[in-house]
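The sequence and the structure come first, and the description follows.

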Amino acid sequence: MDVQPIFPGKAAPFVIAGPCSAESREQVLEAARRLSLLPSVTAFRAGVWKPRTHPGGFEGHGEEALEWLRQAKAETGLPVATEVATASHVEACLRAGIDILWLGARTSGNPFAVQEIADALRGTDVAVLIKNPISPDLELWAGAIERIYGAGIRRIAAVHRGFSTFGGTSQYRNAPLWTIPLQLSVRYPELPVIHDPSHVGGRRDLIEPLARQALDTGFSGLIIESHCHPDEALSDAAQQITPERLGDILGNVIGRRSSQPTPHLEKLRAEIDAVDSELLDVLARRMAISRNIGEYKRNESMSVLQATRFNDLIADRCKRGSNLGLSDKFLRTVFNAIHDESVATQLRIIDNPSE
């Protein structure tokens, strides 16, 4: 994927900040002025169309608010960003000179809506951010990115804003499920991934630890909701912070980072590579034994799955692993995956005696 920088000439991490909603001209300009005083803030954001789950809530001022963003850009010099959900939204933003458009979680999960937006974007050079869909579906997210990329958009980035899961989560508004954005980065290593701690956490006190974790993991930037009077916000009040509090957080999470690996870090990474090589050899040996077991069970007409043996194995490995400082959840995940592959290997031996 041949992507171009969202912010040419500016080094990561990027920070896009501003209120959840553009509530009034005065509110937008006050927020933009105060945020522009923070050196780490790269762009200003505010939603002008606000899709609500139920009718009757504040749904934004629409095209009228685009003029407020234009004024904020003219006064502060910050690029401006807003959410789009339809082709008409895109066209209005292009006419208003909005620099960055983003697709929200509800939109990115709908291929018809994404394609409509992609068609409206064709032939433009605007920057586009694609938030992950509400559901934890890597392919749906990747598909939305590919549709926008297929329209010729090259200034493009993904936004990790967390996922809705069955039963919810007691800690976060949306479950982070960090492995999904990391898998996206493995698939598209050139694609910047930006973290949204406001929507993941849903609470002000969670923004700093989530932002720190994202940057330490290697995310390219942050998009954070900031309101001059958070308790009075017309939408998502609980997850918005003042520009001054944002400045403190950015000083803590960005100021401590080094952009270049140190020799010590490179040495540790080399050790990881060596251990991973050993681990692959061990796994290969284990699967070779599984093939031998499969041949034995085939010859003795035994069933592949031995439930009691597996339960005993898991209990034993978890007990031994806990003494080594490994978590029960991690061990169960690893040994369940190994067991699944072992069973599949034995089934192939039994079903295909010629192997």
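How many strands make up the closed barrel, and in which order do they run? In this predicted model, the barrel is closed by eight strands in the order β1-β2-β3-β4-β5-β6-β7-β8, and their pairing is parallel. From one strand to the next, the twist averages 30°. The protein as a whole has 13 helices and eight strands, and its C-alpha trace spans about 80 × 45 × 40 Å along the principal axes. Of its 355 residues, 45% count as buried, and among contacts with a separation of 6 or more, 71% are between residues 24 or more positions apart.

**Strands and the helices across them**

The pairing of β4 with β5 can be followed in detail: the two strands run parallel and are joined by four bridges, and W102 has L129 in β5 as its bridge partner. Helix α6 lies across β4, β5 and β6, and runs at about 160° to β6. Helix α1, formed by residues 25–36, lies across β1 (14–18) and β2 (43–45), with an angle of about 150° to β2.

**Helix α6**

Helix α6 comprises 13 residues (138–150), which at 1.5 Å a residue should span 18 Å, and the separation of 18 Å between its end C-alpha atoms agrees with this. Which residues of α6 are buried? They are L138, W141, A142, A144, I145, I148 and Y149. These residues lie on the same side of α6, because they cover an arc of only 155° around the axis. An α-helix has 3.6 residues a turn, so residues three or four places apart point the same way. The partners against which the buried residues of α6 pack include the strands β4 (100–103), β5 (127–131) and β6 (156–160), as well as the helices α4 (105–108), α5 (111–121) and α7 (179–187).

Both ends of this helix have a local feature to note. At the start of α6, a side-chain oxygen of D137 comes to within 3.0 Å of the backbone nitrogen of E139, while α6 is followed by G152, which has a positive phi near 95°.

**Backbone details elsewhere**

Most residues other than glycine have a negative phi, and most peptide bonds are trans.

The peptide bond from A12 to P13 is cis, with omega near 5°, and P13 belongs to the segment before β1.

**I350 in helix α13**

I350 is part of helix α13, which covers residues 328–351, and with a relative accessible area of 25% this residue is partly exposed. Leaving aside residues up to four places away in sequence, I350 touches G294, K297, R298, M302 and V304. For one of these, M302, the separation along the chain is 48 residues, and the C-alpha atoms of I350 and M302 are separated by 9.8 Å.

Key:
Residues are numbered from 1 along each chain as its sequence is written. This is a predicted model: local features need pLDDT of at least 70, side-chain atom pairs count only at pLDDT 80 or more; totals for chains, interfaces and linings use all residues. Side-chain values use heavy atoms; hydrogens and water are left out. The expected span of a helix is 1.5 Å times one less than its number of residues. Buried means under 20% relative accessible area, exposed over 50%, partly exposed in between (1.4 Å probe, protein chains only). The arc is that of the directions from the helix axis to the C-beta atoms. Contact means heavy atoms within 4.5 Å. A polar contact is a pair of N or O atoms within 3.5 Å; within protein, one must be able to donate a hydrogen and the other to accept it, and residues adjacent in sequence count only if both atoms are side-chain atoms. Two strands pair if DSSP finds at least two bridges between them. Axes are lines fitted to C-alpha atoms, for helices over the stretch in contact, and angles run from 0 to 180 degrees between N-to-C directions.
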